[in-house]
Amino acid sequence: MSDNEYPTVLPEWSPKYLRFYGQINGAGTHKQKFQPNSYYSLMEDHLFDMVDELKTTTTEIDASNDDGVNGYVMGSKPAGKGQFSYVYRARKHNRMYSIKMIPKKPLNSQQYSMNQVLRQIQTWRLKGFLPESKPKTDIKSESDNSSGDMISPSLDITADETIMMMNLQKCRREIFILSKLSKMEGKGHQNLIKMFEVLDSAKSSSIYLIGDWCNLGELKWRRDNLNEVHAQWLNIDKNISVEEFSLRALRELTDGLKFMKINGCIHRDLKPSNILLDSVSGRFKISDFGCCIIDPKHMSFIDDSSDRSVERLFNSELNKIVGTPAFTAPELCNFKQINENTNTTSNTIVDGFKLDVWSLGVTIFCLLNNELPFFGENEFDTYNQITEKSLEDYYDVCPLNKFVIDRLLDKDPKTRIDIFEIEKVLQKYMVSKTKKKSGFSKMWKKIFKKKGTKEPTLRSNDKPQYSYNNVEVMNAPSGQMSIETRSESSSSFEEPVPITDFLDTYEAGDPLYTEKMKSPEKHVQLPSTASPSPIKIPTPIKALIRIKDSPEKKEPLQETPTKKKSTNRMRSSKEIVDFKQYMDKPFNSSISNDTVRNINSYLESDSAEV
């Protein structure tokens, strides 16, 4: 606490600064002399409408000491530090909270330039909040001059006081959005950080935001290798794999962004460091709404939200690059798009909520691939990669990765998947994942796996809970969703199969072998042409191997007695067995004994040579 008077979230708590809000000692409001020229100036014009909604959330500080504030016992050291604030762990009535302490004088002295300060002063003068007077050109802040030079004696305000006022405006907007989202449906949303109250007073140099405590902190994604599961993730689930964790993050963050879209909020700075994890609830929570904006249609106090000028101000703000460069959507940083009429860069954001979908895609990509998809030596290099670089080389990491690349990281916002579409895809997938694979199906897949194909597994010792082997999300234009379900029996059976894989399965004299040869209805007509070396015969495997769910087999499958494998398995040789004499004839029982004897005779002679 200080003897100085500071500006406050609720202007009436600080009479000294009331005039800068259009009120002098609460005596009335000055008439505006111009229309708002930006989205934020529009919100400032409705300042007291916002303040009315904050009164139920904001509490005046009545006691503060080194241990805490208003009964909240805070930790001695910050649990985290951001660009504009500190975060502390606190306790009150045996419950844990987070306290975001925002200094009214910005931590970063370069956050506001002197040009911005002068423009703010000019705005106050035009609105009639300050007397008509030209500011001095040799402005100094209190940090540079202990006497605190006035911008102008007639204005009676220093540069630092102006900066604090500007900083309060920014904080008030974030608090307003947090308050709005925390009150929705009476309880907020489980995947968004909830704000319980705001502590402030004219004697306090900081604002205190009381919110949820997430004991695992910011979402971590950098690991020593691709397949490693981060230690932080194991606090959510000890047996989770990289793909499972990423899918869980996608589901929960999608749910949170859907709630935000319903309420007209666009985050614009979604990234791992703005996502908090809590092991108690097992939830992912979106935090830090400093860059968030609300569609005017969802602000009840803006009566003219359908007015074109209001829409124009909102769209103008949407087209500004804010947040973190590596998570910026391509439609914002594609400087090669030139307006043919004006010959200038033209970015037109049709759907601002697609900006968050892109940032979500980048976040999930980081979890799956252990790297940023787009990252250059500087901001412009990063922006160039965002608009030009292809990510097709990452398809094979896992099926989820392909879905993220094709649908969430679609460079065209018109065809990029919508947040509600993501939810529908995940819902259908969660239904399909309940169908468990049989052991035989896994073996079948292994037999027909092409040589050199990488299996999309992330941890060899894990048993993935989620698998995309049964559901494949296909590319589809925005507004549509195409899901192709593949059964295990629908795989291709045209691939040649080495005969050596079957020679030692049934031997002459084996009851099952004899039974198979004597059953004409189970015989298979083999092709009449010999396969090149290694010996392979294109054959419909369904007819050779009895499949559990094959429609051709109705009676139960007979168990195969345990037999010791033949030691006469065909060895590698430059000589090739001529099976043409057998394949030119129908495959029936009349030649079966000669066939077996000739093959065994060849194997014995080959063994003797070796």
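User: What does the side chain of serine 204 reach at 2.7 Å?
Analyst: The backbone oxygen of serine 206. That's a polar contact, meaning a pair of N or O atoms within 3.5 Å; within protein, one must be able to donate a hydrogen and the other to accept it, and residues adjacent in sequence count only if both atoms are side-chain atoms. Bear in mind this is a predicted model, where local features need pLDDT of at least 70, side-chain atom pairs count only at pLDDT 80 or more, and totals for chains, interfaces and linings use all residues. Residues are numbered from 1 along each chain as its sequence is written, and side-chain values use heavy atoms, with hydrogens and water left out.

User: Is serine 204 buried or exposed?
Analyst: Buried, with a relative accessible area of 3%. Buried means under 20% relative accessible area, exposed over 50%, partly exposed in between (1.4 Å probe, protein chains only).

User: And where is serine 204?
Analyst: In the loop between β10 (195–200) and β11 (206–211). Strands are DSSP runs of E, at least two residues, and helices are runs of H or I, at least four, numbered from the N terminus.

User: How many bridges join β10 to β11?
Analyst: 4, and the two strands run antiparallel. Leucine 199 stands opposite tyrosine 208 there.

User: Switching topic: which residues of α2 are buried?
Analyst: In α2 (residues 47–54), Leu47, Met50, Val51 and Leu54. Seen down the helix axis they fall within an arc of 100° (taken from the directions from the axis to the C-beta atoms), so they line one face of α2.

Key. Pairing = 2+ DSSP bridges.
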